Amino acid sequence: MRTILITGQGGTGRTTIAAATALNAAREGTRTLVLSADRTDTLGAILGVPTGADPVQAAPGLTAWRPDAAEDFREDLVSFQERATSVLDLLGASRLDAEELTPLPGAEELALLRALRDAALSEAYDLLVVDLPPSPQALALLGLPEELRRYLRRLLPPERQAARALRPVLGRLAGVPMPAEWLYDTAARWDIELAAVQSVLEERSTTALLVAEPGPSGTDHVRTATVGLALRGLRADVLVANRVLPHHTHDTWLAGMVAQQRKALEDWRDAYGGRQGVHEVAHLGSDPRGADDLAALGAPGVDPNPSPVEWPVTERPADDGDRVFVWHIPLPGAIRDELDLIRRGDELVVTAGQFRRILQLPSALRRCTVDGASLREGELGIRFTPDPELWPEGR
């Protein structure tokens, strides 16, 4: 199954591009689902079909779905209360009724991740088009499954050593048995659910599509978002320059905006044309509504066989005759002064501008020491040398 994650600059028509991309794919015979996390039904207004908690057919071969975050939140919390009965009774806590629960901030995004997982597991679609929030929120959302799973492993290690050691002590202090087994069962269930979402996001056929209006602010946004996506192992298939004005105009006021857009488009083609391509979408003069308007936009097509992102480890001889391993991490748009690396055991903390990710080292590199790093032509190369105390002799 192919998944396209659509994000970009806020207020630049991401949902419109998502709807147009999904509609084009459906018209070509691809079973397509378009997902949105908007609390308001912007997607339905664009498609001309109301969307909501239940998937609806928006066009032949096209299904639209806007998960109900409030209902999901209520069901989750009520279910949690039922499983945590013994803990709540121990604390003397009173139950919350489903009718009095309102979703917390971020519930829409979490509902979107769950819907993404459910759609992938259903095998009912060939293509998922996901209308994500603006890039800063979207990148935080994409990193959530991996980060939460890491927190769970650190706080509740699978070997349960902490539970075995603390349960008798806590039981004596509280005077009642502590529900350690329930705690670990809950953590295991959460880990399975998060792993399912993470597997969809890390699938080789999952790519991103960036939407921005050509101009100075759009240029800054695209560079930042490209770095953030690359650090998550995602490649932007296409950079969509949305709401492009006509090249020729007799309006002196518009002429300055046109010139600014043309300059930005030239810069984008130089910077991103070779890797992902720049696709122009014209300004229709009004907000697109309905299938005819979406078809007139000329949204980019879907590449059925995208090139996956590779983070290879290569080996080369060092100047002193020893061996050096290099871990190649593509980071297009990254700036040398904004990069930082920290080795922590079997993990590598990589910071690129405002983004940070904790990476598990490949097995071979865990027996090496970091020897340095360099950034050349949008690729971070991290050098490792074998640790004589950990590396088998003769290998």
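Predicted model: local features only at pLDDT ≥ 70, side-chain atom pairs only at ≥ 80, totals over all residues.

Residues are numbered from 1 along each chain as its sequence is written, and side-chain values use heavy atoms, with hydrogens and water left out.

**Exercise 1.** Find the elements with the lowest and highest mean pLDDT.

*Solution.* Start with the chain: its mean pLDDT (the predictor's confidence in each residue, from 0 to 100) is 84, with 81% of residues at 70 or more. Next, go by element: helix α4 (residues 85-91) sits lowest at 52, and strand β4 (residues 62-65) highest at 96.

**Exercise 2.** Work out which element gives the most to the lining of the second largest pocket.

*Solution.* First, list the elements giving two or more residues: α6 (135-155), α8 (180-201), β6 (206-212) and β13 (355-360). Then pick the top contributor: α6, with nine residues.

**Exercise 3.** Decide whether T51 is buried or exposed, and name its contacts.

*Solution.* Locate T51 first: it's in the loop between α2 (42-47) and β3 (56-59). Its relative accessibility is 8%, so T51 counts as buried (under 20% is buried, over 50% exposed, partly exposed in between, with a 1.4 Å probe and protein chains only). Finally, skip neighbours within four places in sequence: T51 contacts (heavy atoms within 4.5 Å) D41, L43, G44, V56, A64 and R66.

Terms used
Helix = DSSP H or I, 4+ residues; strand = E, 2+ residues; numbered from the N terminus.
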